[in-house]
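Subject: Structure handover

Hi,

Here is the structure I promised to pass on.

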Amino acid sequence: MGNKPVKDDTMDLLVSLCKRKGFVFQSSEIYGGVNSCWDMGPLGVELKRNIRDFWWKTMTQARDDIEGVDAAILMHPQVWVTSGHVEGFTDPLVDCKQCKSRFRADQLDTKVCPNCGGELTEARQFNLMFKTFMGPVEDSAAVVYLRPETAQGIYVNFLNVLAPSRQKIPFGIAQVGKAFRNEISPGNFIFRSREFEQMEMQYFVHPSEDQKWFEYWKEQRYNWYLALGINKDKLRFHEHGPGELAHYAKAAYDIEYEFPFGWKELEGIHNRTDFDLSRHKEATGVDLSFFNDETKERFVPYIIETSAGLDRTMLTCLADAYRSEIVRDEKRVVLGFSPKIAPIKVAVFPLVKKDGMPEIARKIYRDLQRHFKCFYDEKSAVGRRYRRMDEIGTPFCVTVDSQTLEDQTVTIRERDSMEQYRVAAEQLAQVLKEKMGPAF
Ligand code: GAP
């Protein structure tokens, strides 16, 4: 569905930029690497945190009806039986009898091995959950799972959150955290990995209002990607057909992004009905219903879920922001991030390393550090320093030059337009704050 052959070398260029500039490294690289696990470098960790904060603030700070939690990754193993994951969270797996490669049967267009043309085995179901043991004895009674979604940590805390928050239906619970899936065919850099982060929100509604809230969250979530600065032409919805629906969902839409490797899911919006709360209620005997004081009605809420991948959103931001252009006969690579998520917001340079310019520039840098993540550089020609900042997506550079010594003004240089203008040094933080716009 919609997959295009790789049409350009953007992914190769991005992966190499990410390594070279310190965004993303392969896990355990000096040991030869571990497949489909990734480490965030100094810039990656900033970018990822900025995206996470932007999601978190949009979901919690800007609203009155969503509370946050941070549940443990290891949960009671019965949770995953109740949720249907032990039985149903599987992918069909086939092996090549000849070259021993493994594939997801549902992702193959052919009946023979795409690697070597060999014969494939019959498909068998493979559970995606990672298992480990709790305590010193490695027997079946000690098995626990690394959570494959963060959602269950929200459902089991439904009553815990309801009581102290004094929320009423409709309301939501948000969580960001790691999830783990033993994917059969991970790949496309950080798009599909075995350890990743999800940003999930579960919105509890009256069963008669599920459709209304489903539509509402579809729109909210789509608009969030626009607010993140993602190109509208590269976003679309994909409605799940009956064969695609997860075991818990009555209806589902994906928000998809057109990556260099084709249109792919970025986020799922699901109507999970009362599936999860009813099953947990049945399994534990704990009454997970809601009592409406006004109508005197008691009901098990329906859940509208928004489930986004943080690493996938990060890849989207990188792919969407990447461009390479020719400026005055020279190649310029730019990551055109929205200032909200740029890992470094401002770079400060003395034009030359003399005449007291470094001292002034360092003082400005120290002052700006109280407001923004900044970077100081006094090495090499200023044009090269600008280019280096373009390549990591720094939206503003500030340069101290000889005029600064006379009138205490500095030059602001903008990444996208490359426009330059002077402002008074003492107004710099204020001017930059206005340029960057609100945090979310
Ligand atoms: N709680 C519902 C749920 O987990 P999902 O569609 O399986 O739904 C939601 O996953 C999102 O999590 C996906 O849209 C994707 O962004 C992210 N995700 C899922 N598997 C992933 C993987 N192996 N690597 C990176 N991100 C993944």
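Two strands count as paired if DSSP finds at least two bridges between them, and helices (H or I, at least four residues) and strands (E, at least two) are DSSP runs numbered from the N terminus. With that in hand, β22 and β23 form a hairpin with five residues between them. Met-418, in the turn, has a positive phi of about 60°.

Before the rest, some housekeeping. This is a predicted model, where local features need pLDDT of at least 70 and side-chain atom pairs count only at pLDDT 80 or more, while totals for chains, interfaces and linings use all residues. Residues are numbered from 1 along each chain as its sequence is written, and side-chain values use heavy atoms, with hydrogens and water left out.

Strand β22 (residues 409-414) runs antiparallel to β23, and five bridges join them. Ile-412 stands opposite Tyr-421 of β23. Buried here is under 20% relative accessible area, exposed is over 50%, and partly exposed lies in between (1.4 Å probe, protein chains only).

Now the overall picture. The protein chain has 13 helices and 23 strands, and its C-alpha trace spans about 75 × 65 × 50 Å along the principal axes. Of its 440 residues, 51% count as buried. Taking contacts (heavy atoms within 4.5 Å) between residues at least 6 apart in sequence, 65% join residues at least 24 apart.

The domain assignment gives domain 1 (10-76 + 146-318) and domain 2 (344-436); such bounds come from an automatic or database assignment. Their centres, taken over C-alpha atoms, are 37 Å apart. Seven residues from domain 1 and six residues from domain 2 make the contact. About 530 Å² is buried between the two domains, with carbon and sulfur atoms giving 59% of that. Buried area is the accessible area (1.4 Å probe) that two parts lose on being put together, summed over both. On the domain 1 side, Lys-21, Leu-43 and Glu-46 lose the most area, together 62% of what that side buries.

What holds charge across this interface? The rule finds two salt bridges there, a salt bridge being a side-chain nitrogen of Lys or Arg within 4 Å of a carboxyl oxygen of Asp or Glu. Helices α1 (10-21) and α2 (42-61) each supply at least two residues of the domain 1 side that touches domain 2.

Glu-391 is worth a click. This residue sits in helix α11 (residues 382-392), and its side chain meets that of Lys-21 in a salt bridge (3.5 Å, N to O). Glu-391 counts as buried because its relative accessibility is 14%. Leaving out residues up to four places away in sequence, Glu-391 touches Leu-17, Arg-20, Lys-21, Val-333 and Leu-335.

Last, some backbone spots to check. Most residues other than glycine have a negative phi, and most peptide bonds are trans. The Ile-169 to Pro-170 bond is cis, with omega near 5°, and Pro-170 lies in the loop between α6 (158-165) and β9 (171-180). Arg-328 has a positive phi, near 45°, in the loop between β17 (322-327) and β18 (330-335); with a relative accessible area of 72%, Arg-328 is exposed. Gln-408 also has a positive phi, near 55°, and is found in the loop between α12 (402-407) and β22.

Cheers
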